[in-house]
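Hi,

Here's the structure I promised to pass on.

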Amino acid sequence: MARRLRCILFLAALSAALLPALLASSGDSDPVYRSCVEQCQKSGCVGEKCFQHCKFSSDGKPIDGPWYIEEPLYLRWKQWDCQTDCRYHCMLAREEERKKLGDKPVKYHGKWPFNRVYGIQEPVSVALSALNLAMQFQGWISFFILVYYKLPLRPTKKTYYEYTGVWHIWGILSMNSWFWSAVFQSRDVELTEKLDISSAVALLGFSLILAILRAFNVRDEAARVMVCAPVIAFVTTHILYLNFYKLDCGLNMKVCIAMGVLQLLTWAIWAGTTRHPSRWKLWVVVAGGSITMLLEIYDFPPYRGFIDAHAISNAITIPLTYLWWSFVKDDAEFMTAALLKKAK
């Protein structure tokens, strides 16, 4: 037990030590790149590549208006405005020059240089986020069927499993987070970024609440309120700060990692002290969650412009999601059986 606790504390210390690595440099301050973008917005061209929606009249309005507005909505989504197209193609041109000079890729406006596919910025990550969303939906539905149709119910038609409600909330928040993750990775604008970040923070905050409630077996309503209130207040304040005061991605990453580490520590300590028959699944999820967290911290340029650390992290969470919902269902069966045995 002591060895396990030392390993957990080492992981927490390691994660805290790696936080400065989040402040990665970007290429948007490169004078060559900035000059390219400025010239593109005036001429509408990057090399031989020209954009019709970069043609402006003397008063600064686009000639003939945004040409893609007349297209159907499903086609309009993949189109970009003058500034984003200029940034994208100037980034590709600059990265090609850097590659010839033997320089490594750098971030532009906080993101690695990805190759777009049909207007989608990060196609691999989008596909993996969609798979995670599907896995969350399948896990939540299977849990719903188990507790309401396969396990015995109380005379009041409520479940014996006392954490049914919080797991429903967690499942909905998880699906919401993966949905907005896919949207943001397909189209990075301020609105989609805020929705993605807010959804992720809300999920992490509630995940921390859930970990505390289950690990410490908090059943009393007053005690649950005492656990939930400060976490909800902090998460709400943080989301409001990001949306209406300053969208500080560096601060947000630190907050998310802090909540993630606390959550993993809670589950790991409980897994090391409980005699739950499915505790091995907890260990696997904690280990996998630690790996995904380190991937988010130690980000690296996308391979061939498509697969980066975030995409690998999304891929790892797919089997972890299946295993996690499997543990939740085992926990429901375990606690229901224990309560029925005690009732007899």
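Below is what turned up, starting with a helix pair and moving on to some loop residues.

Keep in mind that this is a predicted model, where local features need pLDDT of at least 70, side-chain atom pairs count only at pLDDT 80 or more, and totals for chains, interfaces and linings use all residues. Residues are numbered from 1 along each chain as its sequence is written, and side-chain values use heavy atoms, with hydrogens and water left out.

First, the helices (DSSP runs of H or I, at least four residues, numbered from the N terminus). The axes of H9 (residues 249-273) and H10 (residues 279-297) come within 9 Å and cross at roughly 160 degrees; axes are lines fitted to C-alpha atoms over the stretch in contact, with angles from 0 to 180 degrees between N-to-C directions. H9 and H10 are therefore roughly antiparallel (over 145 degrees).

Next, Gln121, which sits in the loop between H4 (82-100) and H5 (123-150). With 18% relative accessibility, Gln121 counts as buried (under 20% relative accessible area; exposed is over 50%, partly exposed in between, using a 1.4 Å probe and protein chains only). Its side chain reaches the backbone nitrogen of Asp188 at 2.6 Å.

Most residues other than glycine have a negative phi. Asn217, though not a glycine, has a positive phi of about 50 degrees; this residue lies between H7 (190-215) and H8 (221-244) and is partly exposed at 34%. Arg304 isn't a glycine either, and has a positive phi of about 55 degrees. Arg304 is in the loop between H10 and H11 (309-343) and, at 64%, counts as exposed.

Cheers

Terms used. Helices (H or I, at least four residues) and strands (E, at least two) are DSSP runs, numbered from the N terminus. Angles under 35 degrees count as roughly parallel, over 145 as roughly antiparallel, 65 to 115 as roughly perpendicular and the rest as oblique. A polar contact is a pair of N or O atoms within 3.5 Å; within protein, one must be able to donate a hydrogen and the other to accept it, and residues adjacent in sequence count only if both atoms are side-chain atoms.
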